[in-house]
Amino acid sequence: MTLVAGVDIGSTTAKCVLIENGKILGKSLAPVGVELVKDAERSLEQALAETGRGRGEVAVVTGTGYGRFKVTFGQYTVTEIGCHAKGAHFLFPATRVVLDIGGQDTKAIKINEKGEVVDFAMNDKCAAGTGRFLDVCAGALGLDVSEIGSLSLGARHPVKVTNTCTVFAESEVSSYVSRGKEAKDILAGLNASVVSRSLSLMQRVGIEPEVTFTGGVSRNEGVVRTLGYRLKLPVNVSPLSQYVGAIGAALHGLERKEATAT
Amino acid sequence: MEPTEGTEPKFLATARDEQRRMVDEYYTNLATAGGPKKPVAYMFVGGNLTEIVRSFGYEVVFPEIVGLNCAIKHVSLPNILHAESQGYGLDVCGYVKNDLGLQELGGQTPFGRVPPPDLLVCSFSGCYIYVKWWEALAEKFGCPLVVLDVPYMRAKEPQAEDLQYLVAQLNEFIALLEKRTGRSFDRAELRRVLENSRRAEQGWVDYLDSGRLRPSPIEAYFEAVFYMFPINVLRGTEEAADFYATVNAEVAERVRTGRCPVPEEKFRLVVEGVPPYTNYRTFWDFFRRWGAVSVAATYPKVGGLFDRGFLHDPARPLESIAEYSLGAYVNQSWPLRRKLIEEYVRDFGADAVLIHGIKSCRSFTAGQGDLRDWLIHDLGIPTLYIESDHEDPRYFAPAQIKNRMDAFFESLDQRRGSTPLPMVRS
């Protein structure tokens, strides 16, 4: 029995998952600040607190995400692309395409039957179509990003958001507000815009079932439904979807430890 | 496998020193002209007519090469910003904006002053923006502009009608040069110059071919770019021809001693696209950390696809120059470019392809997305496409580029099933 930890330091949140014997024993999620090393430490401590296990019992810690090199107490680092592939395969073994939409990144990852990355495509050097895009636009409506999903489900006449630039889309949202459009219709338009952008990335790697949706934006029911509708495919979303990178990191660490031991 | 600390790039010591000296001397001569000033012709690298204009006593300036020298020395941005202040848009080619900004600011660079043109020669039809660039310079300097219409290559070998068409244009061009310089065309002199070109080309090909060896004794993208200067700028001189003898002697020494550019070769790559000169060393470091070496690349062939069987033929000077211009890499249709890359992967035993797209250049870059898809989906060759710019540092996002490259090498490594290495901090 080997207790392993995966620590995912993303652009907006730090996530940690503890795995032993193929089971998730503990997890944590908290916003990141400017001191990423401390955030990483804290995320591991919080996850351990859920399990009642001690730091000394963790055999391997693996860092992932943009802040992976700040997991200074870890043994390995793996990019979030490799980790989302591995994590999605763990949760849904028949996954062939992973869509991950995080704070500043959107990734479409094609994987094989072993959960290995075959191909990937990511958004360009701007936050269009990412969690930050929704965050900023929700702010323009005086809403919290967590409200977008449920509110958007009531839309009857979704607007068309044509701008993919976050800054311009915010102006477009303000323009719709001034024209008297309802918030739920604007939110549905924003969700559709995110999905359109994601689909073009997914098409780059080739769409085939099963599709697994991960990252913070997968908590937005409006995006999940629109994605499924546009794909004409069921979309896997786990309650642990925000932890998929950390799960993958923990599993990569375990594999590496075993490979090194043999 | 984890990325390791990047090792310092190792050049061919003597050849690199020699190349530096040649570059310095070239720019010094341009600036001082050493006696009676030679007339200056501006030309593009792809399919250039350097031998012809040199035979009429012209000095040649390649503003693309001035541009890359500015970028690698981190002085391109002020020129670009100046051009933008004159009204050139964000999406206009970085080479164009660097040059037009530089010219407006007086032509002074850290490596010498670039003289204004007496003649502008555009012998490359592949990029419409380039024609507009030359038109802007013609207007600024009031000098003549000669545009040759070079048909795109639709088949592997130049078509007879294309050759005939281009040779006719070369004859017109020579008549114009005779008129402007008051000199007669000296076919014997051109043949002599082409002998030198051919010798340099053969040496360059020998250098590039050594990328087939395992481990590769050359870095066919990052390192080769330094050794491109003589074949592109000084082709036709004895100096350039001799240079490659020095290069190849040092490569032979690398083979003998096993001291290769990447100490432990893990991944062999074919690289397509113009380099991000503004962050050249950073980009190269992203390769070296993973033990990745480029064994073949298309970019060093922009001045001529000499490694595919063509060498200038002094016995048929004009026909040979026409064949050369037609066969330039950038003048190849996309099916031919794709085929070439496929052949490089096969012939050089590459594991993968890396494509670097240029944000401000649609001419070279358009089609690279399809190339990526074709390599991955039709041929099953792992391929990574990343994008920044050759001249504009604002487009180079190191964290994102590194992340993509790390993920790509991780996936190659994982699929190969190699033993992981201990972690070394980034």
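Me: Let's start with chain A. Into which domains is chain A divided?
Reply: Chain A splits into domain 1 (1-92 + 239-262) and domain 2 (94-237); the bounds come from an automatic or database domain assignment. This is a predicted model, where local features need pLDDT of at least 70 and side-chain atom pairs count only at pLDDT 80 or more, while totals for chains, interfaces and linings use all residues. Residues are numbered from 1 along each chain as its sequence is written, and chains are lettered from A and ligands numbered from 1 in the order in which they are written.

Me: How do I read the contact between those two domains?
Reply: Two residues are in contact if their C-beta atoms, placed from the backbone, lie within 7 Å. Here the C-alpha centres of domain 1 and domain 2 of chain A are 25 Å apart, and the contact uses 14 residues from domain 1 of chain A and 25 residues from domain 2 of chain A. On the domain 1 side, helix H2 (residues 80-91) of chain A gives the largest share, seven residues. Helices (H or I, at least four residues) and strands (E, at least two) are DSSP runs, numbered from the N terminus.

Me: What classes of residue make up the domain 1 side of chain A that touches domain 2 of chain A?
Reply: Ala, Val, Leu, Ile, Met, Phe, Trp, Tyr, Cys and Pro count as nonpolar, Asp, Glu, Lys and Arg as charged, and the others, Gly among them, as polar. That side has five nonpolar, eight polar and one charged residues.

Me: At what angle do H2(A) and H8(A) pack?
Reply: Axes are lines fitted to C-alpha atoms, for helices over the stretch in contact, and angles run from 0 to 180 degrees between N-to-C directions. H2(A) packs against helix H8 (residues 244-261) of chain A at about 90°, and the axes are 7 Å apart. Angles under 35 degrees count as roughly parallel, over 145 as roughly antiparallel, 65 to 115 as roughly perpendicular and the rest as oblique. H2(A) and H8(A) are therefore roughly perpendicular. Their contact holds nine nonpolar, six polar and two charged residues.

Me: Now strands. What holds a sheet together?
Reply: Strands of a sheet pair through backbone hydrogen bonds, either parallel or antiparallel. Two strands pair if DSSP finds at least two bridges between them. In chain A, strand E7 (residues 106-111) and strand E8 (residues 117-122) pair in the antiparallel sense over five bridges, with A:Lys107 opposite A:Met122. Five residues lie between the strands of this hairpin, and A:Gly115 takes a positive phi near 80°.

Me: In what order do the four strands of the open sheet in chain B run?
Reply: The order is E2-E1-E5-E6 in chain B, with parallel pairing. Strand E2 (59-61) and strand E6 (145-147) of chain B are the edges, each pairing on one side only.

Me: Last one: how many residues of chain B and chain A take part in their contact?
Reply: Chain B gives 19 residues and chain A gives 19 residues. On the chain B side, H16(B) supplies the largest share, ten residues.
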